[in-house]
Amino acid sequence: MDLGITGKWALVCGASKGLGLGCAQALVREGVHMLIVARGEETLKAAAEKLKADKTKPAAATVQFVAADITTVEGRAAVFAVRKDFDIVVTNAGGPPPGDFRDWDRDAWIKAVDANMLTPIELIKATVDGMAARGFGRIVNITSSAVKSPIDILGLSNGARSGLTGFVAGVARTSKLASSNVTINNLLPGSFDTDRIKATMEGAAKKTGKPVEEVRQARIKTIPAQRLGTPEEFGAACAFLCSQHASYITGQNLLTDGGAYPGTY
């Protein structure tokens, strides 16, 4: 299927690895010009080289990168100094650490809200009006399946990402944006085979004294698909939401979790 986004410009955050890189890869293969951003310059540069070397990427698609912390004012300024206008924006920032809510002080909450709620809102605010003026825009926020099915030890993430979800539900439905072919949606990943879940499993193994592989298999057994997701298939879902064909989908929360969420709605 031709997604109809060849030649568009995309900003993909947290794109040095994992789900962000999966999204960048899927988009660049559609001929989308790419500006990727993450904090670690060495890893980000390697990701950019991987994207450039992708043999399925159209030759005309360009890849640029900015090593910056997108959750800071300075980081966002560095990105927009390279390019101001984007047709596609994929927001993504690492989730807050797990723990007991009794141990989280105000600073922990502010940090979580800054990264996982206010940063996406700032990126939306900086780009949607230009998108509307040009008659095309796609914003995809990578959030978490915990928004639909909260996890007790991820309270910081549950709270901050739920705040973003509520904000998006309202702004995505404003007639100025929706009628101008600008959509805003959230992608909610479940268990994907990324460094983050590996670290989580290693932590669980250390805490319980069980082998990492045993912890991994126990997690997989809770997923109807009986496997972990891949960044590539997550990226494909993102690319579709960014396509011309998804213009009638906005303000939605798309679960990509192998059927793990047990609810009807």
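## Fold, cores and selected residues of a predicted model

Proline 262 is placed in the segment after β7 (253-256), where helices (H or I, at least four residues) and strands (E, at least two) are DSSP runs numbered from the N terminus. This is a predicted model, in which local features need pLDDT of at least 70 and side-chain atom pairs count only at pLDDT 80 or more, while totals for chains, interfaces and linings use all residues. Residues are numbered from 1 along each chain as its sequence is written, and side-chain values use heavy atoms, with hydrogens and water left out.

Proline 262 is exposed, at a relative accessible area of 72%; the terms used here are buried for under 20% relative accessible area, exposed for over 50% and partly exposed in between, with a 1.4 Å probe and protein chains only. Between the C-alpha atoms of proline 262 and phenylalanine 136 there are 35 Å in space, and 126 residues in sequence.

### Overall architecture

The protein contains nine helices and seven strands. Its radius of gyration is 18 Å, which agrees with the value near 18 Å for a compact globule of 265 residues; this radius is taken over C-alpha atoms, and the globule rule is 2.2 Å times the number of residues to the power 0.38. The C-alpha trace spans about 55 × 40 × 40 Å along its principal axes. Of the 265 residues, 46% are buried. Among contacts (heavy atoms within 4.5 Å) between residues at least 6 apart in sequence, 74% join residues at least 24 apart.

### Nonpolar cores

In soluble globular proteins, nonpolar side chains tend to be buried together. A nonpolar core is here a set of buried Ala, Val, Leu, Ile, Met, Phe, Trp, Tyr and Cys residues joined through side-chain atoms within 4.5 Å. The largest such core has 35 residues, and those with the most contacts inside it are Val12, Leu27, Met34, Ile36, Ile88 and Val90. At least two residues of this core are supplied by each of β1 (9-13), α1 (18-28), β2 (33-38), α2 (41-53), β4 (88-91), β5 (137-142) and α9 (231-241), and the largest share, seven residues, comes from α1. With neighbours within four places in sequence set aside, isoleucine 36 is in contact with Val12, Ala15, Ala24, Leu44, Ala47, Ala48, Leu51, Gln64, Phe65 and Val66. A second, separate core of 25 residues includes Val128, Met131, Ala132 and Val168.

### Individual positions

Threonine 165, in helix α5 (residues 155-171), touches Val147, Asn186 and Asn253 when residues up to four places away in sequence are not counted. Alanine 81 belongs to helix α3 (residues 73-82), and its C-alpha atom is separated by 22 Å from that of leucine 51, 30 residues apart along the chain.

| Residue | Relative accessible area | Class |
|---|---|---|
| Threonine 165 | 14% | buried |
| Glutamine 226 | 47% | partly exposed |
| Alanine 81 | 64% | exposed |

Most residues other than glycine have a negative phi. Asparagine 181, found in the loop between α6 (175-178) and β6 (182-189), has a positive phi near 65 degrees. Glutamine 226, which lies in the loop between α8 (212-221) and α9, likewise has a positive phi, of about 60 degrees, although it is not a glycine.
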